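Q: Could you walk me through reading some features of this model, with the general idea before each case?

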Amino acid sequence: MATNLHVVMVPWLAFGHLIPFFQLSLRLAKAGIRVSFISTAGNIKRLPKVPPNIAALVDLVAFPLPSLDNDQLLPQGCEATVDIPFEKIQYLKLAYDLLRHPVKQFVVEQKPDWILADATPHWVADIAQEHHVPLLHFSVFSAAAYSFVLNPRYVSGDGQEKMRPSPESLTSPPDWFDIPSPLTYPKFLAAGRIEGLYGENASGIPDIERVAKVIRISEAFAFRTCPEYEAEYLNLFQKKIGNGKPVFPIGFLLPEKPESEGRGATETEIFEWLDVQKANSVVFVGFGSECKLSREHVHEIAHGMELSELPFLWALRKPDWADSELDALPCGFRERTQGRGVVFFGWAPQLEILGHPSIGGSLFHSGWGSIIETLQFGHSLVVLPFVIDQPLNARLLVDKSLAVEVERREDGSFSRDDMAKALRLAMVSEEGEKLRTRAREAAQVFGNRDLQDGYLNRFVEYLKKNGAANQ
């Protein structure tokens, strides 16, 4: 049943952010809430279709991404992080910040009841305050990872303690944790994480200051998680960082099973191959479109898959360093693994693949969205983290006996033997039986839509009772 409630969504221009905000938009619309989802025209075109039964309640608001004076900094048509190399993301933030004025005009005209914002659009906090619209911060990261990187003295206090922490400080649990925790960054990733959070960039505003401003002004917080997985970190965030404001686990926002629109030749070939494999025997390998693997990474993964002697299905995006798809793989790899493994390039229906009964494990970077997608099916996990929250997610999964992490050297490198060992431990060795059992048990939480719906419903009730019209 429709209500008069109107929510404006403002996600960052990365598909790991856009998609969770989009999924939440669909769920709110199903609860009768009108949603305006703000992004750029190029990104709106790449979103999934809004189901016809709720289309009247979901307004996809497409603003042109403002151009920069120098096209060399951010080429035309590059509107998401996936479109550009890592070093150009700072210029995407610069262009994104120029959306402040059109977003402000939209809020003035629409007078919404809530603004649900990501961490990057810090200027939304000013808009919300100026026009008396309550702001709520929706985090696409886990509560555990968020609580680790956000120093409460910096983020939620009066901002006086603006000390840049050392990389070494990330290699042990932070002093504001009042619970035992396995969370740490490995030394080889700690310096990059500090630079990413606290370092200067072309926009002039470090990431930590963006998120700090949004957190200070927000009236409540929402996490795509549930207490069954990380109750202690939800409580920690509320107490130490959120200053006691409401914190809502809203479930995992599992997407509905997509309607089949017919399969192309490559997809047909993939599923025909999966159909003849043994149940729970195949490892799905996928590092997503944002993870830029080096030649050494790709080749060691390939040799490790080969040494493991396990059947595998590898979704690989042609790396920029490869002249062709064939050039991306070690010489003779496809011939040596023919019949046992399949490598495909380009897009594939990942959720449908993960849900196939032949898939029993996944090798991936341990991004939060990918963890959710994978654990709903009870797969054994092998994790190889690279950036942002991935190392923290990996540590927590290993601590919960839900994953095997590929062993790394001090410089972050890994060998084919390390890869093969981790894969066999997760998939077939007697030693890994506990992990496989725990993964099946986790599916009862991650794949439980009734449980997730209950959390979302409580969040919806809060929005309805506390919107601008009720203040």
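Q: Thanks! Which residue lies over the face of Y229?

A: A charge sits over a ring if NZ of Lys or CZ of Arg is within 6 Å of the ring centre and within 35 degrees of the ring normal. Here K400 lies over the face of Y229, 4.9 Å from the ring centre. Likewise, R408 lies over the face of F386, at 5.2 Å from the ring centre. Do keep in mind that this is a predicted model, where local features need pLDDT of at least 70, side-chain atom pairs count only at pLDDT 80 or more, and totals for chains, interfaces and linings use all residues. Residues are numbered from 1 along each chain as its sequence is written, and side-chain values use heavy atoms, with hydrogens and water left out.

Q: How many aromatic pairs are there?

A: A pair of aromatic rings is described by the distance of the centres and the angle of the planes. Rings of Phe, Tyr and Trp (its six-membered ring) pair if their centres lie within 6.5 Å; planes under 30 degrees apart count as stacked, over 60 as edge-to-face and the rest as tilted. That rule gives 23 aromatic pairs. In one of them, the ring centres of Y146 and F237 are 6.1 Å apart and the planes meet at 15°, so this pair is stacked.

Q: Is F237 buried or exposed?

A: Buried means under 20% relative accessible area, exposed over 50%, partly exposed in between (1.4 Å probe, protein chains only). F237 has 0% relative accessibility, so it counts as buried. F237 also forms an edge-to-face pair with F223, 5.0 Å centre to centre with 80° between the planes. Ring pairs link F141, Y146, F221, F223 and F237 into a cluster.
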